[in-house]
Amino acid sequence: MNVRLIAIAGPPSAGKTAVVKQIIHNLGTAKVAYLKIDVVQAWEDEELATEFGIPTKKVYSGDMCPDHMGIMVIRDALLWAEELGAEYLLYESAGLCLRCTPYTTNSLGLCVLSAVSGTHAPLKMAPLIALADVAVVTKIDLVSQAEKEVFREGIHQSAPGIDIIETNAVQGTSMRYLMQIIKQMKPAESEKDTLRGVPPLGVCTVCIGKKETGWQEHFGVIRPLAVPDNLYRGE
Amino acid sequence: MTLQNTPIQSLTVLPGTNRIGDPENFNEISIHPGDTISIVGPTGSGKTAFINDIEVFAQGDTVTRRKILVNGSEPSEDLIRDPAKKPIAMITQSTKCLADLTVEKFLSMHLRARKLENNGILDAAIDLTNQFTGEKISGCMRMSSLSGGQTRSLFVADAVIISDAPIILLDEVENAGIFKNRVIETLREKKKAIIFVTHDPYVALLTEKRIVMKGGAVEKILTPGGEEQTALAQIAKMDADMMVLRERIRSGELLSAVTGAGI
C-alpha cells in the first residue's frame with residue numbers, strides 16, 4: 001500500500017481543521033484525501049473540497065461513538081484513498097470524550113490541543129496525548145510566555161518523549177517541523193494495522209439504549225458512586 | 001541562569017519578496033543587543049509579518065520568504081522550538097494570562113517552569129513592572145484584574161527578569177498606557193534588543209533605527225542619528241501634555257480649553 005495515514009485527534013475547536021489545511025497546503029493537493037468523522041454535523045469535508053479541490057468523505061456516527069465508527073471504517077477508507085492514487089489520507093476525528101486514541105500502529109498520530117484551553121488541559125487529556133506521536137499546540141500567539149512553558153510541561157508529564165509543535169495554525173508558524181516528520185512517514189498496512197491502545201469499554205446497556213439512571217438498572221459495565229478508585233478500569 | 005549556551009551576538013534578517021514577488025530592497029538587517037528598532041507603515045503593509053518572521057526564525061518558509069540568521073548562521077532547532085531556550089519574547093495586544101492567578105502565583109509558576117530559585121527575582125519583576133506603568137501593581141493582585149497597561153508592563157518585566165530573553169518584540173502596545181521611554185531606556189541599559197511595531201510618533205522617534213514597510217516589503221531603513229532631536233523633544237512634550245490631559249479627563253474634569261495642559 002502506498003497511502004500514509006495521518007490520524008488527527010483533539011477536542012472541538014482546538015484547531016484540527018486549521019492544522020489539516022496547513023498540511024494540505026504544504027503537501028500539495030494532488031496527493032491528499034480527507035476523511036472526517038463526526039456525530040451529527042460537520043462541514044469540514046465540503047470546505048476542504050472547495051478550497052483545495054481534494055477528494056473528501058464524511059461519516060456521521062449518529063448513535064455510535066465516533067471513534068468507534070472510525071475504527072470500523074478506516075480500513076475501507078485507506079483502500080478508497082489508494083484507489084484515488086492519494087499518498088496521504090488525513091483522518092480527522094470528532095474530538096469528544098478524549099479517552100479514545102484513534103491512532104493505528106503505522107499512522108502518524110497527531111493530537112491537536114489549544115494553548116487557550118488552560119494549563120491543566122494536557123493532564124485531563126492524557127490518554128489522547130500519551131499514544132500520539134506529535135502534540136500540535138495551536139493558538140500559541142494568544143498566551144503568555146509563562147503559560148506556554150507550563151502547558152508544555154503538562155504535555156511532557158502525559159507523554160515524556162512526545163514531539164511538541166507550537167503554532168499559530170492560521171498563520172502556519174513552525175509547521176516546517178511537522179512537515180519534516182510527515183515527509184519521513186511509512187505507508188499504512190491496511191490489514192495489519194491495529195489500534196495502539198485499548199479503547200474504553202464501549203458496549204454496555206446504556207449503549208444499547210436503556211435510559212434508566214442508576215447502576216441498579218444496568219448490567220455488564222456498572223459502578224456505584226462509592227468505590228475506592230475514582231478511575232473506572234475495565235474488567 | 002537559564003540562558004541558552006550560545007549568547008546571541010547578532011540576529012540577521014535576509015531579504016525576501018514583496019506581495020507581488022519582487023525582491024526586497026536591502027542586503028541585510030543586523031540586530032545587536034541594546035538596539036532599538038521601530039517598524040512603521042500603514043495597516044496591511046507587512047509590519048506584523050516582519051516581526052513574525054523574526055519570532056519563528058523564518059527560513060524562507062513564510063509568505064515573505066525572508067531568512068533569519070543567529071550569530072551569522074541558521075539557528076539550531078531547540079533554540080526555536082523550546083520556549084525556555086528561545087532567545088525571543090513576543091508580546092502583543094492579544095497576549096494574555098488565561099489562568100485566574102495572582103501576580104505572585106503567575107510569576108512563581110514561570111519560575112518553577114524555568115527551575116529557578118526565587119532569590120528576590122519575583123520582587124525584582126514586580127518592581128520593574130512598576131517602573132513601566134503609572135498604576136502600581138502588587139503581588140496579591142489577580143492577573144485578570146490588571147489593566148491592559150499593567151499586563152503589558154508585567155509581561156515585559158517577566159521577559160527581562162525571568163525569561164532573560166535577549167530580544168523582545170512588542171506589537172502595537174503603545175495604546176496600553178505604559179511609560180514607553182522607561183521601557184526603552186531599561187531595555188537599552190540591560191543590553192536587550194527591542195523591536196516595536198508602532199503607529200506612535202514618540203516610539204518611532206525614541207528608537208535608533210526605523211524600518212518603513214510598504215506592500216509586504218521593507219521600503220526604507222532610516223537611521224536618523226541626531227537629525228530628529230528637535231522633533232523628538234517636541235513630541236516628548238506633546239506626549240507629556242497628552243498624559244496630563246488624560247489624567248485630567250480620568251479624574252473627572254471638564255476641559256474648557258486645552259491651554260492649561262501647556263499646549
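**View 1. Five salt bridges are counted between chain A and chain B.** A salt bridge is a side-chain nitrogen of Lys or Arg within 4 Å of a carboxyl oxygen of Asp or Glu. The model is predicted; local features need pLDDT of at least 70, side-chain atom pairs count only at pLDDT 80 or more, and totals for chains, interfaces and linings use all residues. Residues are numbered from 1 along each chain as its sequence is written, and side-chain values use heavy atoms, without hydrogens and water. R176(A) forms a salt bridge with D61(B), with 2.3 Å between the closest N and O atoms.

**View 2. Chain A and chain B bury about 2,000 Å² between them.** Buried area is the accessible area (1.4 Å probe) that two parts lose on being put together, summed over both. Carbon and sulfur atoms carry 52% of this area. In chain A, the most area is lost to chain B by E149(A), R176(A) and Y177(A), together 28% of what that side buries.

**View 3. In chain A, 22 residues are in contact (heavy atoms within 4.5 Å) with 29 residues of chain B.**

**View 4. Strands β2 (residues 32-38) and β3 (residues 56-60) of chain A run parallel and are joined by five bridges.** Strands (E, at least two residues) and helices (H or I, at least four) are DSSP runs, numbered from the N terminus; two strands pair if DSSP finds at least two bridges between them. D38(A) stands opposite Y60(A) in β3(A). From β2(A) the chain passes through helix α2 (residues 44-52) of chain A to β3(A), a right-handed β-α-β crossover. Right-handed means that, with the strands pointing away from the viewer, the path from the first strand over the helix to the second runs clockwise.

Notes. Chains lettered and ligands numbered in written order.
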